[in-house]
Structures are given as structure tokens and as C-alpha cells.
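User: I'm new to this one and would like a quick tour. Can we go through it piece by piece?

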Amino acid sequence: MKQELLSQLESRKAKIGIIGLGYVGLPLVLRFGEEGFKVIGFDVDPQKVTKLNAGESYIRHIDGGRLKSLVSAKAFEATADFARLGEADCVIICVPTPLTEKKDPDLQYIEKTGDALVKTLRKGQLISLESTTYPGTTDEVLLEKFKPTGLEVGKDYFLVFSPEREDPGNPKFSTRTIPKIVGGTTPACLDVGRALYSSVIDRVVTVSSTRAAELVKLLENIYRCVNIALVNELKILTDKMDIDIWEVIAAASTKPFGFTPFYPGPGLGGHCIPIDPFYLSWKAKEYDFSTRFIQLAGEVNSAIPHYVVERLTSALNDKGKAVRGSRILMLGVAYKKDVDDVRESPALEIMELLQDKGAVLTYSDPYIPRLHKMRKHDFSHMSSAPLTEELMKKHDAVLITTDHTGIDYQWLVTHSPLVVDTRNATREVRLGREKIVRA
Ligand SMILES: NC(=O)c1ccc[n+]([C@@H]2O[C@H](COP(=O)([O-])OP(=O)(O)OC[C@H]3O[C@@H](n4cnc5c(N)ncnc54)[C@H](O)[C@@H]3O)[C@@H](O)[C@H]2O)c1
């Protein structure tokens with residue numbers, strides 16, 4: 001089985017199935033498709049399936065033209081029919097792994113995928129889980145689900161974990177050039193996993209188990225979460241001390257070794273950094289272990305939106321205004337610059353706090369034309385207002401929550417009565433600096 005699959009991969013005759021056609025799944029569709037593999041994509045959302053089959057992308061940074069070429073060449077099709085999973089020789093799982101209300105791992109999407117796969121699992125298939133999760137998931141959830149098939153892992157079929165490392169909107173790296181970690185359930189699984197990814201990715205790094213591979217991803221994200229919390233905390237202190245934290249970070253970054261810069265902001269955002277660390281905290285409880293750094297970082301980071309609101313409140317107060325009734329223009333609601341993604345965006349948290357205090361809110365974000373109902377927030381009545389001089393003038397304050405490129409911040413400051421900047425987006429502004437408050 002192993003040799004057969006290896007030679008199918010080598011000759012690019014292996015068919016690749018990708019489950020979950022989102023921010024992670026679609027770049028993989030493009031990568032495998034453009035390397036000459038036939039790709040079949042699976043998603044539970046029929047609207048996405050229809051769009052993708054028409055060669056249309058629904059994610060801004062994923063080029064619809066590239067998808068269209070693959071669809072026309074019959075190299076890619078999307079389907080919601082999971083009975084077809086058996087057609088794929090290698091199946092890559094990229095479904096969501098959010099948290100429940102109580103911040104416990106919500107594995108329902110992986111569970112459902114496992115339930116679908118067990119019906120079609122056959123000899124000669126490789127299953128690779130890419131969704132971020134706690135160490136043990138691949139073996140404890142998927143391997144367990146596959147046992148009743150009677151198929152032997154490492155002999156009849158192969159199972160690996162390979163964490164996704166997409167950085168949407170980062171032009172410096174692509175799916176091909178970001179090294180890929182792989183861990184297998186058995187050595188044979190690892191061989192096949194390595195062969196799968198080596199056929200489309202420049203550098204594949206193997207580790208000794210699926211659990212190690214699962215933890216690699218969590219370590220990467222916890223490292224970011226903890227360091228962002230550190231600079232966020234220091235930002236509050238340096239504001240009190242009247243020291244510019246951004247200047248300090250820039251200067252410290254000149255050290256050629258031993259220092260990696262992290263930057264403060266309006267709070268932690270995105271689908272990974274605020275969520276993934278809790279996957280490890282949850283698992284650690286099984287070992288009577290408390291992950292204190294994660295806990296502390298979570299506390300510091302989740303207090304930041306409140307701090308931003310405090311800074312805005314006091315800046316308005318200095319102008320004799322209350323938050324209640326003040327018109328606040330939120331500049332940027334995406335969780336980071338130049339992406340069309342609002343998942344876990346701190347801007348939404350801040351909007352919630354300001355709304356509770358009676359502020360009148362408007363937002364402007366060229367990447368997010370309208371807001372939809374989400375798990376925690378519902379601003380579905382709001383759509384983006386074009387950023388104009390009139391718009392800025394008729395607000396009491398502009399709150400910069402996302403520093404999208406392409407905005408003339410000098411122009412913004414000139415035409416705004418007050419600018420509260422959480423991203424140091426106004427660092428180059430020379431005129432009207434007295435109107436800027438850092439938060
Ligand atoms: N977006 C990133 O940059 C990034 C980076 C690293 C890791 N991850 C991880 O990758 C995983 C996927 O994240 P994403 O950002 O691509 O999510 P996403 O929401 O963009 O995409 C997930 C897709 O899966 C579909 N889906 C949901 N349940 C399904 C099911 N049972 N079967 C098939 N499809 C299903 C959804 O409709 C959606 O299209 C998560 O575990 C995430 O933590 C994401």
C-alpha cells in the first residue's frame with residue numbers, strides 16, 4: 001500500500017481531497033492543483049461550493065483567476081457530497097477548531113469529519129489533519145474512530161498531523177515557501193506524509209509523533225500570545241511613564257541577537273492566537289497542570305480593549321465630552337491589516353464596550369464592506385462608510401483599530417477632531433500631533 005501511494009504521489013496521479021475550503025483549505029487547493037494534482041474539495045457550505053465551482057473566490061487574498069484556471073482545466077471541483085471522500089487518495093482536513101462558550105476546545109467539526117471519513121476509509125488512503133488542536137487529537141479522536149473499519153494504520157491506511165502555518169496577507173511567504181511540519185502515527189505514515197507535502201512544499205520538517213506536531217503549532221501561537229501580552233502590559237506602564245513603547249521596541253530591535261519584536265495593539269485578534277493556547281490549557285488539566293503563562297497572557301490581552309476604551313473616554317473628557325452620545329468612527333474592523341477577516345477582532349469587542357456606554361458608532365474598513373452576525377457579536381446592521389473628510393469631521397473621534405495600508409494618516413489627522421491610535425499608524429504624521437492620543 002505504502003509503495004503504491006508513494007509512486008502515485010511521485011507521478012502526481014494521486015487525487016487530493018481537501019475538507020474545509022476556507023483560509024487554510026483554499027491555498028492548499030491552489031498549491032496541489034497548480035502542481036498537477038487533481039483536487040476535490042469538500043465543504044458543508046453549499047454556497048461556497050457553488051461559488052468555487054464557478055471559479056470564484058470568496059476570500060479577498062485568494063485569487064479567483066487561479067481558481068478559475070483550475071476549474072476550467074478540470075483540475076479542481078468542490079462538492080458537499082461526503083460520500084465521495086473515497087475518491088481521494090490523500091485527504092487533508094482543514095475544518096475549524098474554535099472554543100466553546102466556556103473556552104473549552106470545540107472539536108465538533110473534527111468529530112463530524114471523522115464520522116464522514118470512517119464511512120469511506122479504504123486501503124491506500126492517507127489522512128492528514130491540519131486543524132490546530134491539542135496534543136493527542138489525531139490519535140485519540142481520528143485513530144479511535146477509524147478502528148471499527150478493521151483497517152490497520154501504517155499498513156492499510158496512513159494517518160498524520162501537519163499543522164497549517166498560513167499567514168494571510170503576508171506577501172513575503174507563500175504556501176510553497178513556508179516549511180511544513182509533519183508527524184505520523186507510525187513511521188510508514190510519516191514516510192507517506194512527508195512524500196505528500198514534499199511534492200508541493202519546498203521544505204518538510206518531520207517530528208517523531210502526531211502529538212509533537214500538534215504541540216509545535218500550539219507552541220508557535222502561545223509564544224506569540226505571551227509576547228504580545230508582555231508588550232501590551234508594558235504599553236500601559238509606558239503610557240503612565242510618558243515613554244513611547246514603539247520607540248523602545250524599535251530601538252531594542254536593533255540588537256542583532258536574542259530579541260524578536262512584538263507590538264502592542266487594541267487586543268488580541270484572529271482565529272488562532274486568542275483561541276489556540278486554550279487548547280493546551282484544557283489538555284493540561286488532564287495532567288493536573290496549570291499553564292500559568294497562558295492564563296496570565298489571556299488576562300492581560302483581554303483587558304486591552306477595556307484599556308483602549310478608557311483612553312478614548314479620557315481623551316473625550318479632556319474635550320468636555322462624554323462617551324454617551326459621542327460619535328465614534330472606528331477605522332478598521334479586520335483583526336489585522338490588509339485582511340478581510342473579522343474573526344475574534346478586538347475592534348468588535350471595543351465596539352461592544354462603546355455601544356454599552358452609549359456611543360454612536362460608525363465604521364470604515366475597505367476590506368469589510370458589511371458586518372455579519374457572529375458567535376459573540378451582532379453588528380449585522382452595520383456596513384462600512386467610505387472614509388471622506390466629511391465623515392471624519394462629523395465624528396467626535398476616530399479610533400484606529402486596524403492599520404490598513406493605503407490610508408493617508410496625515411490627511412486623516414488633519415480632518416479629524418481627535419484620533420485615538422492603537423497601532424502607531426500615525427507615527428509619520430507631522431502636523432496636528434496634538435490631536436493624537438496613543439492607546
Ligand atoms: N486561517 C489561518 O490563517 C490559519 C492558520 C493556521 C491554522 N489555522 C487552523 O486551520 C483550521 C481551519 O481554519 P480556517 O481559517 O481555514 O477556517 P475557515 O472557517 O476559513 O474554513 C473552514 C471551512 O470548513 C468548512 N467546514 C466546517 N465544518 C465542516 C465539515 N464538517 N466538513 C467540511 N467542511 C466544513 C467551513 O464551511 C469553512 O469553509 C483551524 O483549525 C484553524 O485554527 C488557520
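**A walk through the model**

Analyst: Leu237 is partly exposed, because its relative accessible area is 43%. Keep in mind that this is a predicted model.

User: Where is Leu237 found?

Analyst: Leu237 sits in helix 8.

User: Which residues form the nonpolar patch on the surface?

Analyst: The patch is formed by Leu230, Leu234, Leu237, Met241, Ile243 and Val248. Together they have about 500 Å² of accessible area.

User: Which helix gives the most to that patch?

Analyst: Helix 8, residues 210–241, gives the most. The helix supplies 4 residues.

User: What about Ala212, where does it lie?

Analyst: Ala212 is also a helix 8 residue. Ala212 has a relative accessible area of 27%, so it is partly exposed.

User: How far apart are Ala212 and Arg60 in space?

Analyst: They are 33 Å apart, C-alpha to C-alpha. In sequence, 152 residues separate them.

User: Let's go inside. How many residues are in the largest nonpolar core?

Analyst: That core has 74 residues. Those with the most contacts inside it are Ile16, Ile18, Val29, Phe32, Ile92 and Leu196. Helix 7, residues 187–198, contributes the largest share of this core, with 6 residues.

User: And what does Ile16 touch?

Analyst: Leaving out residues up to four places away in sequence, Ile16 touches Phe32, Phe37, Lys38, Val39, Ile40, Ala88, Cys90, Ile92 and Leu196. Another core lies apart from the largest one. This other core has 34 residues, among them Ile328, Leu371, Leu418 and Val437.

User: Switching to helix 10. Why is it largely enclosed by the rest of the structure?

Analyst: Helix 10 is largely enclosed because 8 of its 10 residues are buried. Buried here means under 20% relative accessible area.

User: Which residues of helix 10 are buried?

Analyst: They are Asp276, Pro277, Phe278, Tyr279, Leu280, Ser281, Lys283 and Ala284.

User: What covers them?

Analyst: The cover includes helix 6 (137–146), helix 8 and helix 11.

User: Charges next. How many salt bridges are there?

Analyst: The count comes to 25 salt bridges. In one of them, the side chains of Lys15 and Glu87 meet at 3.3 Å, N to O.

User: Why does that pair tie together parts that are 72 residues apart in sequence?

Analyst: Look at where the partners lie. Lys15 is in strand 1 (residues 15–19), while Glu87 is in the loop between strand 3 (76–79) and strand 4, so the bridge ties together parts 72 residues apart in sequence. Glu87 is partly exposed, since its relative accessible area is 34%.

User: What about Arg327 and Asp396, how do their side chains meet?

Analyst: They meet in a salt bridge, 3.7 Å from N to O. This pair links distant parts of the chain, 69 residues apart. Arg327 is in strand 9 (residues 327–331). Asp396 is in the loop between helix 13 (389–393) and strand 11 (397–400).

User: Asp396, buried or exposed?

Analyst: Asp396 is at 7% relative accessibility, so it counts as buried.

User: Last topic, backbone angles. What is the phi of Lys103?

Analyst: Phi of Lys103 is positive, about 65°, although Lys103 is not a glycine. Lys103 lies in the loop between strand 4 (90–93) and helix 5 (108–120). Lys103 counts as partly exposed because its relative accessibility is 42%.

User: And Asp288, what is its phi near?

Analyst: Phi of Asp288 is near 50°, again a positive value in a residue other than glycine. Asp288 is in the loop between helix 10 (276–285) and helix 11 (292–318). At 76% relative accessibility, over the 50% cut-off, Asp288 counts as exposed.

How values were computed:
Residues numbered from 1 in each chain as written. Predicted model: local features only at pLDDT ≥ 70, side-chain atom pairs only at ≥ 80, totals over all residues. Heavy atoms only, no water. Helix = DSSP H or I, 4+ residues; strand = E, 2+ residues; numbered from the N terminus. Buried < 20%, exposed > 50% of the residue type's maximum accessible area, 1.4 Å probe, protein only. Patch = residues over 30% accessible without salt bridge, like charges linked within 9 Å, V, L, I, M, F, W, Y side chains within 5 Å. Areas by Shrake-Rupley, 256 points an atom, 1.4 Å probe, with all protein chains shown as cover. Salt bridge = Lys/Arg side-chain N within 4 Å of Asp/Glu carboxyl O. Core = buried A, V, L, I, M, F, W, Y, C linked by side-chain atoms within 4.5 Å. Contact = heavy atoms within 4.5 Å.
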